[in-house]
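The stops below can be selected one after another.

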Amino acid sequence: MASNIVTIDLSALRHNFKKVKEWIGPSARILCVVKSDAYGHGMLPVAKVLESIGTDYFGVFEAEEGLALREAGIRTSTLVLKGIDADEIPAVVEYDLTPGVFDLGITEQLSDYALKHGKVVPIHIKVDTGMGRIGVPWEAAAAFIKMLLHMKGVIPTGIFSHFSVADEPSHPFTDVQLERFQKVVAVAHDLGIKNPEIHIANSGAILNQKGLDNHLFRPGIILYGSPPSLICPHKDDMEPVMSFRSKVIQVKRVSPGTSISYGRTYIAEAQRVIATIPVGYDDGYSRLLSNKGAVLIRGKRAPIVGTVCMNLTMVDVTDIEGASPGDEVVLLGKQGPGCITAEEIAEQIGTISYEVYCNIGKSNKRVYMGGIEGQRSEVRGQRSEVRGQKLKVGG
Ligand SMILES: Cc1ncc(COP(=O)(O)O)c(C=O)c1O
């Protein structure tokens with residue numbers, strides 16, 4: 001029996017999806033980003049729920065994630081955000097995946113392969129409007145599109161880009177990116193790409209109402225219940241989907257001068273009561289929480305004392321009356337009146353909620369609740385289940 005359990009609340013996921021629909025309007029469409037094992041929440045169970053409530057697209061990072069969706073019976077259009085390598089071409093064609101494209105050479109190979117197999121593959125053109133990551137530089141997009149239109153085995157059905165600061169409501173660079181993107185879309189239209197899917201808005205843009213004249217939106221983190229930053233509007237309107245629980249395994253009274261854990265970074269100044277929890281950095285619970293973070297026991301906060309170890313963490317329960325071995329410990333989520341959010345943990349360790357979810361989700365056994373029949377089901381939360389697969393298709 002695992003002592004540490006990540007619970008994924010699928011009813012919270014449905015709530016967040018409905019909220020996104022409210023924010024983007026009834027006629028807008030959604031591409032749910034489920035890459036990186038749905039940010040640690042488990043790509044397949046998450047995608048099954050999102051498909052059942054009407055997502056229009058999925059966004060994965062690489063082809064093997066798309067293949068895993070197809071093998072699980074998920075048929076919704078799936079965009080491969082990273083673009084593709086030569087060895088991913090057969091899977092893309094066979095499994096009806098839609099690659100993002102920004103490289104003429106690989107797109108030509110895809111086109112040739114598709115034609116040889118009697119297919120025409122839909123592609124979305126990825127434009128770099130200022131993220132400085134992948135994508136055709138926006139100034140070079142016209143030349144790129146002209147070349148692309150000679151390739152008969154691919155058909156551009158979408159044009160997309162990615163914001164770099166859309167989570168900062170008044171940052172002027174979002175409008176700069178938007179303007180560049182609109183120019184590229186206009187050029188594409190003039191070159192003959194008439195009704196492509198146009199998409200640029202991530203969670204930050206959705207909350208800050210940027211790029212809303214597009215009709216396809218690409219939320220990730222807001223589906224999982226966190227705002228992309230704490231300065232976004234509606235930051236309290238989502239419900240966190242993931243929670244993380246453990247149990248106290250020992251409680252002991254220590255005398256003044258007692259040191260706790262590696263490096264003796266905590267020394268009790270007075271008599272204290274210390275509880276030990278079987279959670280550590282191997283469970284995605286960051287060592288940077290040492291002497292900083294807190295957990296919930298009996299509805300109250302217990303601060304972490306000393307260094308977080310690989311598998312064990314100590315907390316001070318002096319003020320929690322009756323704290324005993326076997327007590328439930330909430331590391332992320334709610335207990336009684338208390339709540340620990342991924343944003344709080346992220347701030348303590350100098351990162352973002354995205355990383356907190358990915359690390360905790362991939363390292364622990366996951367239990368799903370709030371499914372269609374309200375059943376509980378258990379899935380070992382290992383990213384390797386999806387990413388370790390081989391692209392086992394011929395050709
Ligand atoms: C290309 C792309 N689109 C959309 C998203 C979703 O972003 P967010 O989770 O901030 O909504 C991501 C996430 O990293 C992404 O890489």
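Which residues of helix H7 (residues 141-148) are buried? Select Ala141, Phe144, Ile145 and Leu148, which are the buried residues of H7. A residue counts as buried if 20 or more other C-beta atoms lie within 10 Å of its own, as exposed if 12 or fewer do, and as partly exposed in between, with C-beta atoms placed from the backbone. The four cover an arc of only 95 degrees around the axis, so they sit on the same side of H7. The arc is that of the directions from the helix axis to the C-beta atoms. An α-helix has 3.6 residues a turn, so residues three or four places apart point the same way.

Now colour Ala143, Lys146 and Met147: these exposed residues are on the face of H7 turned away from its buried side. To see what covers the buried residues, show helix H6 (104-116), strand E6 (121-128), strand E7 (136-137), strand E8 (154-160) and helix H8 (173-190), which are included in the cover.

Before going on, two notes on the model. It is a predicted model, in which local features need pLDDT of at least 70 and side-chain atom pairs count only at pLDDT 80 or more, while totals for chains, interfaces and linings use all residues. Residues are numbered from 1 along each chain as its sequence is written.

Zoom out to the whole chain. It has 12 helices and 22 strands; helices (H or I, at least four residues) and strands (E, at least two) are DSSP runs numbered from the N terminus. The C-alpha trace spans about 80 × 45 × 40 Å along its principal axes. Of the 395 residues, 46% are buried.

Next, colour by domain: domain 1 is 10-223 and domain 2 is 242-380, with bounds from an automatic or database domain assignment. Taken over C-alpha atoms, their centres are 37 Å apart. Domain 1 gives 11 residues to the contact and domain 2 gives 15; two residues are in contact if their C-beta atoms, placed from the backbone, lie within 7 Å. On the domain 1 side, select helix H1 (10-24) and helix H2 (35-40), the elements that give two or more residues to it. H2 supplies the largest share of that side, 4 residues.

Stay on H2 and pick Ala38, which lies in this helix. Its phi is near 50 degrees, a positive value in a residue other than glycine. Ala38 is buried, with 31 other C-beta atoms within 10 Å. Tyr39 is also placed in H2, and phi of Tyr39 is near 55 degrees, again positive in a residue other than glycine. Tyr39 counts as buried, with 27 C-beta neighbours inside 10 Å.

Move to helix H3 (residues 43-52), where the buried residues are Met43, Leu44, Val46, Ala47, Val49 and Leu50. After H3 comes Gly54, with a positive phi near 100 degrees.

Last stop: the ligand. Which residues surround the ligand? Select Val33, Gly59, Leu81, His162, Asn202, Ser203, Gly204, Arg218, Pro219, Gly220, Ile221 and Pro228; a residue is near a molecule if its C-beta atom, placed from the backbone, lies within 6 Å of it. This shell has 5 nonpolar, 6 polar and 1 charged residues. Ala, Val, Leu, Ile, Met, Phe, Trp, Tyr, Cys and Pro count as nonpolar, Asp, Glu, Lys and Arg as charged, and the others, Gly among them, as polar.
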